[in-house]
Amino acid sequence: MLVSAKEMLEKAREGKYAVGQFNINNLEWTKAILLTAQENNSPVILGVSEGAGKYMCGYKTIVGMVNGMLEELGITVPVALHLDHGSFEGAKACINAGFSSIMFDGSHYPIEDNIRMTTELVNTCNVLGLSLEAEVGSIGGEEDGVVGAGECADPKECKMIADLGVTMLAAGIGNIHGKYPENWAGLSFETLEAVNKEVGDMPLVLHGGTGIPDDMVKKAISLGVAKINVNTECQLSFQEATREYIEAGKDLQGKGFDPRKLLAPGFEAIKAKVKEKMELFGSINKA
């Protein structure tokens with residue numbers, strides 16, 4: 001069954017490793033991630049953006065698919081189903097649909113509004129036993145139409161949000177979604193250290209995990225990051241594997257491609273990428 005991310009992230013922070021959030025976009029991605037987590041005895045978080053939620057026919061469809069896979073595949077490791085960069089209304093919709101974890105991204109609002117809306121969701125999630133992620137300082141790049149420049153969060157504002165009782169906090173430290181440009185300045189560890197000092201033992205979240213050098217990832221984990229989001233690398237791996245299959249012309253004697261065979265190389269590519277990241281994050285054999 002789906003679980004809150006609270007316990008897995010508290011264990012990760014204490015153990016100096018991070019749990020990977022891997023965004024899902026269809027059945028194949030979900031199956032690949034779940035099987036990899038089970039094979040490597042790793043807790044895992046399945047991330048769903050609002051855009052992906054619409055693509056997959058809605059949040060109730062996703063909850064049904066994931067719950068069905070947990071049972072049919074015999075998944076026993078901890079799995080959280082998490083709304084990624086959710087709006088206030090999106091967060092409430094996912095709560096009603098049966099998600100076990102929610103992110104409300106109020107970083108683009110004035111801090112007073114972020115506090116007000118986050119407080120309401122804290123109260124709801126506490127009653128229902130769900131984990132809640134909040135954000136201060138927008139993450140660079142674009143996520144479902146929300147564009148951030150990758151600014152660094154104000155540590156004092158981070159404390160204000162953390163003190164509301166959220167489960168985990170995403171703080172902008174110069175990270176961005178998608179590929180990192182060649183002139184990227186890197187993560188601001190000065191900001192991360194200041195945020196970590198302000199929020200105490202709260203698990204911190206690093207968005208935009210694709211392309212961050214391994215040494216920066218490990219240093220971020222040592223400074224309180226317990227959850228790292230990965231999406232673009234899985235997309236690129238899936239794309240490349242599928243492209244190679246198509247270019248090899250492996251159709252059914254001119255009848256077209258069997259979709260199950262067409263998607264199989266991408267499925268295996270995602271499994272390999274997820275395992276690679278779990279090894280980097282140190283979450284293998286931590287379930």
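Throughout these legends, a residue is called buried when its relative accessible area is under 20%, exposed when it is over 50%, and partly exposed in between, with a 1.4 Å probe and only protein chains considered. The model is predicted, so local features need pLDDT of at least 70 and side-chain atom pairs count only at pLDDT 80 or more, whereas totals for chains, interfaces and linings use all residues. Residues are numbered from 1 along each chain as its sequence is written, and side-chain values use heavy atoms, with hydrogens and water left out.

**Figure 1. Overview of the chain, with its eleven helices and ten strands.** Helices (H or I, at least four residues) and strands (E, at least two) are DSSP runs numbered from the N terminus. Of the 287 residues, 56% count as buried, and the C-alpha atoms fill a box of roughly 65 × 45 × 35 Å along the principal axes. Among contacts (heavy atoms within 4.5 Å) between residues at least 6 apart in sequence, 71% join residues at least 24 apart.

**Figure 2. A salt bridge between Glu233 and Lys273, and the network around it.** A salt bridge is a side-chain nitrogen of Lys or Arg within 4 Å of a carboxyl oxygen of Asp or Glu, and by this rule the structure has 14. The closest N and O atoms of Glu233 and Lys273 are 3.0 Å apart. Because Glu233 lies in helix H10 and Lys273 in helix H11 (residues 259–281), the pair ties together parts that are 40 residues apart in sequence. Glu233 is buried at 12% relative accessibility, and Lys273 is likewise buried, at 13%.

Figure 3. Side chains of opposite charge can pair when their charged atoms come close. Lys11 is partly exposed, with a relative accessible area of 45%, while Glu7 counts as exposed at 51%.

**Figure 4. Aromatic pairs, of which the structure holds four.** Rings of Phe, Tyr and Trp (its six-membered ring) pair if their centres lie within 6.5 Å, and planes under 30 degrees apart count as stacked, over 60 as edge-to-face and the rest as tilted. The rings of Trp29 and Phe238 have centres 5.6 Å apart and planes at 50°, so this pair is tilted. It links distant parts of the chain, since Trp29 lies in helix H2 (residues 27–39) and Phe238 in helix H10 (residues 232–247), 209 residues apart. Trp29 is buried at 5% relative accessibility, and Phe238 is buried at 13%. Tyr59 and Phe99 form an edge-to-face pair, 5.6 Å centre to centre with 85° between the planes, and both residues are buried. Ring pairs also link Phe88, Phe104 and Tyr109 into a cluster.

**Figure 5. Lys219 over the face of Phe189.** A charge sits over a ring if NZ of Lys or CZ of Arg is within 6 Å of the ring centre and within 35 degrees of the ring normal. Lys219 lies at 4.6 Å from the ring centre of Phe189.
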